[in-house]
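Please examine the sequence and the three-dimensional structure shown below. The explanation after them is meant to be read alongside both.

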Amino acid sequence: MLMPKRTKWRKQMRGKIRGIATRGTEVAFGEYGLQALEPGWLPARVIEAGRVAATRNAPEGKLWIRVFPHKSVTKKPAETRMGTGKGDVDYWAAVIKPGVILYELDGVTEDVAKRAFNRVAHKLPMKCRLVRRRHL
Amino acid sequence: MQVARMKAETRVALGRNKLKGLRAQGWMPAVVYGEKKDTDSISISEWELEQHIRHHHKIFQLEYAGGHQHAILQDIQFDVLTDRPRHCDFRRIDLTKPIEVEVEVTLLGIAPGIAKGGTLVKDHAHVTVRCLPTEIPDAIEVSVATLDLDMSLTAADVPLPKGVELVVDRDTVICHVAKLVAQAAAAPAAVVEAAPAADAAPAAGAAKKDEKKPDDKKK
């Protein structure tokens, strides 16, 4: 699973996801992309599940993962009383704003890309849509 | 490439709030710059621009302020979620002088490398060429019928129409046949946009020294 090699601070504040994305919103590598339409956190294991689903449904294509889980999310153990500090890091997540391209696919037909990204989108915790590269 | 005519109006509405009203009326803001003249703020019809984009028009004769100006569609900003054009840039051009412009590369045929377990990857969807504005090709077609596994096509292999010359490096790879994604992506490769801080402490997962005992938490 994806996670940072090292970080300056181990635990982070949760933060808020405001506004829409201004970066990473264009299909830049492949011909088709999966774009998030809602904000949310994308855990590393979900990113990996999406990668597996895409490669299984489009084995002849090339896949790019455009997001990276930079954010550490902590969790207190079950049946623990409150207090005694912040919990331990449970998982890593990517903070997603609406408009971000999550995955890109190339070397496949539109039907294949649509089917593969449909399978991926069902695993994600946000609404998504298929977008094509824009040629001006 | 044909020169498309488009009507425009000189724009006095500047700033976010006024442009919001402009867009609500079906217009959109645009600017015209270049040729060492002052930048003109104009407004154009959003619907008309969408029609031109659909027909891949790039060279325009803009009619505004009682005159006309030849310009190339330099850039368009789209709304991230609705795909509606929000703003566009026009660069003034002289139809008699060659300009540098990006042209889409279209791949034709089926590469033999795909049958051997490869996948065709487009490294550069566009190439920069220099030509007269009226001679800009809609797209440059390249055949991939000779591409075997681990082979690539470079910009030097791109057949160019008469009057069009290549600007990018001749060794620039246009496309290549890579190995199957199922094999190549055994380890996930991610495009990381922002790397973590360089002078960082060990990762959270690695540092478990100060992990508290379960007895401390359960009272």
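The paragraphs that follow treat chain A, its pair of helices, and then selected residues of both chains.

This is a predicted model, in which local features need pLDDT of at least 70 and side-chain atom pairs count only at pLDDT 80 or more, while totals for chains, interfaces and linings use all residues. Residues are numbered from 1 along each chain as its sequence is written, chains are lettered from A and ligands numbered from 1 in the order in which they are written, and side-chain values use heavy atoms, with hydrogens and water left out.

Chain A contains two helices and eight strands. Helices (H or I, at least four residues) and strands (E, at least two) are here DSSP runs, numbered from the N terminus. Along the sequence of chain A these elements follow the order β-β-β-α-β-β-β-β-α-β. A box of roughly 55 × 30 × 25 Å, taken along the principal axes, holds the C-alpha atoms of chain A. Of the 136 residues in chain A, 49% are buried; the term buried means under 20% relative accessible area, exposed means over 50%, and partly exposed lies in between (1.4 Å probe, protein chains only). The accessible surface of chain A is about 7,300 Å², and carbon and sulfur atoms account for 51% of that surface. Such areas come from the Shrake-Rupley method with a 1.4 Å probe, and for residues only the protein chains shown count as cover. Contact means heavy atoms within 4.5 Å. Among the contacts of chain A between residues at least 6 apart in sequence, 81% link residues at least 24 apart.

How do the helices of chain A lie against each other? Two packed helices are described by the angle between their axes and the distance between the axes. Helix 1 of chain A (residues 44–57) packs against helix 2 of chain A (residues 110–121) at an angle of about 150°, and their axes are 8 Å apart. The axes are lines fitted to C-alpha atoms, for helices over the stretch in contact, and angles run from 0 to 180 degrees between N-to-C directions. Angles under 35 degrees count as roughly parallel, over 145 as roughly antiparallel, 65 to 115 as roughly perpendicular and the rest as oblique. Helix 1 and helix 2 of chain A are therefore roughly antiparallel to each other. The crossing of helix 1 of chain A with helix 2 of chain A is right-handed; a crossing has this hand if the near helix is turned clockwise from the far one by less than a right angle, and is left-handed if anticlockwise.

On the side of helix 1 of chain A, the residues that meet helix 2 of chain A are Gly50(A), Ala53(A), Ala54(A) and Asn57(A), and their partners in helix 2 are Val112(A), Arg115(A), Ala116(A), Arg119(A) and Val120(A). The residues of this contact comprise five nonpolar, two polar and two charged. In this division Ala, Val, Leu, Ile, Met, Phe, Trp, Tyr, Cys and Pro count as nonpolar, Asp, Glu, Lys and Arg as charged, and the others, Gly among them, as polar.

Leu124(A) lies in the loop between helix 2 and strand 8 (128–132) of chain A. With a relative accessibility of 9%, Leu124(A) counts as buried. Not counting residues up to four places away in sequence, Leu124(A) touches Leu34(A), Leu42(A), Val46(A) and Leu102(A). Thr25(A), in the loop between strand 1 (6–7) and strand 2 (32–36) of chain A, is also buried, at a relative accessible area of 15%. Apart from neighbours within four places in sequence, Thr25(A) is in contact with Gln35(A), Gly99(A), Ile101(A) and Val80(B).

Chain B has five helices and 14 strands, and 39% of its 219 residues count as buried. One of the residues in strand 9 (residues 126–131) of chain B is Thr128(B), which counts as buried at 17% relative accessibility.

Most residues other than glycine have a negative phi. Glu35(B), however, has a positive phi near 60° and is partly exposed, at 45% relative accessibility. Ala65(B) likewise has a positive phi, of about 55°, and is exposed, with a relative accessible area of 67%.
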